[in-house]
Amino acid sequence: MSSTIIDETVILRYLLDDDEVLSPRAAKVIATRTARVYPEIITRVVVTLRDVYKVPRVEIATAMRRLLDDVMVDEPTVVALAIKLFGKTHMDFPDCLLAARTAIYNDDVVSFGKPIIQGMIDYRRQRQTTAEARSRAAEARSRSTDARSHSTDATIDKLRHQPRH
């Protein structure tokens with residue numbers, strides 16, 4: 001199925017429903033379920049809603065989550081996580097995209113002057129280290145259980161083969 005790429009003007013008219021000619025046209029394009037949006041367009045929409053229309057972050061995040069139900073987007077998991085981060089943090093949306101990609105693709109990021117991103121990277125590493133430690137502990141318990149089981153089996157075998165008096 002082919003898609004129709006839409007830009008921020010279409011999305012803004014759709015979300016804001018503020019133009020009697022363009023808003024219905026935007027809704028019609030999006031209703032086809034063939035509209036495709038790139039993450040950089042989502043970024044423009046978020047920034048415009050925040051800076052021009054003064055829409056609160058939480059409302060932007062809610063509107064963008066609903067939009068994702070109606071359009072196709074490249075990297076949907078990344079964009080969805082970025083939208084969630086945007087609604088819950090004070091990061092700019094491009095930083096939310098970067099943080100989401102870092103978390104999902106497990107990439108390292110080098111950033112100068114972006115402590116919030118570095119904090120998220122450190123948090124991800126900490127979670128990964130904790131998960132690895134839990135995995136090592138589970139493996140150690142398993143080996144210990146196997147060793148005890150083997151030791152118990154050996155003891156039972158010795159007892160079975162000892163002559164009875």
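Q: How do H3 and H4 pack, at what angle and with what distance between their axes?
A: In this predicted model, the axes of H3 and H4 are 10 Å apart and the angle is about 145 degrees. The crossing of H3 with H4 is right-handed.

Q: Which residues of H3 and H4 meet?
A: From H3 come Ile42, Val45, Val46, Leu49 and Arg50, and from H4 come Arg57, Ile60, Met64 and Leu67. By class, the contact of H3 with H4 has 7 nonpolar residues, no polar ones and 2 charged ones. Arg counts as charged, and Arg50 and Arg57 are among the residues of this contact.

Q: What makes H4 and H5 roughly antiparallel?
A: The axes of H4 (residues 57-70) and H5 (residues 76-88) cross at roughly 160 degrees and come within 8 Å. Angles over 145 degrees count as roughly antiparallel, so H4 is roughly antiparallel to H5. The handedness of this crossing is left-handed.

Q: Which residues make the contact of H4 with H5, and how do they divide by class?
A: Arg57, Val58, Ile60, Ala61, Met64, Arg65 and Leu68 of H4 meet Val79, Ala80, Ile83, Lys84, Phe86 and Gly87 of H5. They divide into 9 nonpolar, 1 polar and 3 charged. Gly counts as polar in this scheme, and Gly87 is one of the H5 residues in the contact.

Q: What residues make the contact of H5 with H6?
A: H5 contributes Thr77, Val78, Val79, Leu81, Ala82, Ile83, Leu85 and Phe86, while H6 contributes Phe93, Cys96, Leu97, Ala99, Ala100, Arg101, Ala103, Ile104 and Tyr105. The classes in the contact of H5 with H6 are 15 nonpolar, 1 polar and 1 charged.

Q: How many aromatic pairs are there, and what makes the pair of Phe86 and Phe93 edge-to-face?
A: The count is 1 aromatic pair. The ring centres of Phe86 and Phe93 are 6.0 Å apart, and their planes are at 75 degrees. Centres within 6.5 Å make a pair, and planes over 60 degrees apart count as edge-to-face, so the pair of Phe86 and Phe93 is edge-to-face. Both Phe86 and Phe93 are buried.

Q: Why does Arg57 count as buried?
A: Arg57, which lies in helix H4, has 18% relative accessibility. Buried means under 20%, so Arg57 counts as buried. Leaving aside neighbours within four places in sequence, Arg57 is in contact with Arg50, Phe86, Gly87, Thr89, His90 and Met91. Arg57 and His90 are 33 residues apart along the chain, and their C-alpha atoms are separated by 8.6 Å.

Q: Why is Thr62 called partly exposed?
A: Thr62 is also in helix H4. Its relative accessibility is 29%. Thr62 and Ile83 are 21 residues apart in sequence, with 8.4 Å from C-alpha to C-alpha.

Q: What is noted about the phi of Arg33 and of Lys54?
A: Most residues other than glycine have a negative phi. Arg33 has a positive phi of about 65 degrees, and the phi of Lys54 is near 55 degrees, also positive. Arg33 sits in the loop between helix H2 (22-31) and strand S2 (35-37). Lys54 sits in the loop between helix H3 (39-51) and H4.

Q: How do you know whether Arg33 and Lys54 are exposed or partly exposed?
A: Exposed needs over 50% relative accessibility. Lys54 has 61%, so Lys54 counts as exposed. Arg33 has 47%, so Arg33 counts as partly exposed.

Definitions and conventions: Residues are numbered from 1 along each chain as its sequence is written. This is a predicted model: local features need pLDDT of at least 70, side-chain atom pairs count only at pLDDT 80 or more; totals for chains, interfaces and linings use all residues. Side-chain values use heavy atoms; hydrogens and water are left out. Axes are lines fitted to C-alpha atoms, for helices over the stretch in contact, and angles run from 0 to 180 degrees between N-to-C directions. Helices (H or I, at least four residues) and strands (E, at least two) are DSSP runs, numbered from the N terminus. Angles under 35 degrees count as roughly parallel, over 145 as roughly antiparallel, 65 to 115 as roughly perpendicular and the rest as oblique. A crossing is left-handed if the near helix is turned anticlockwise from the far one by less than a right angle, and right-handed if clockwise. Contact means heavy atoms within 4.5 Å. Buried means under 20% relative accessible area, exposed over 50%, partly exposed in between (1.4 Å probe, protein chains only). Rings of Phe, Tyr and Trp (its six-membered ring) pair if their centres lie within 6.5 Å; planes under 30 degrees apart count as stacked, over 60 as edge-to-face and the rest as tilted.
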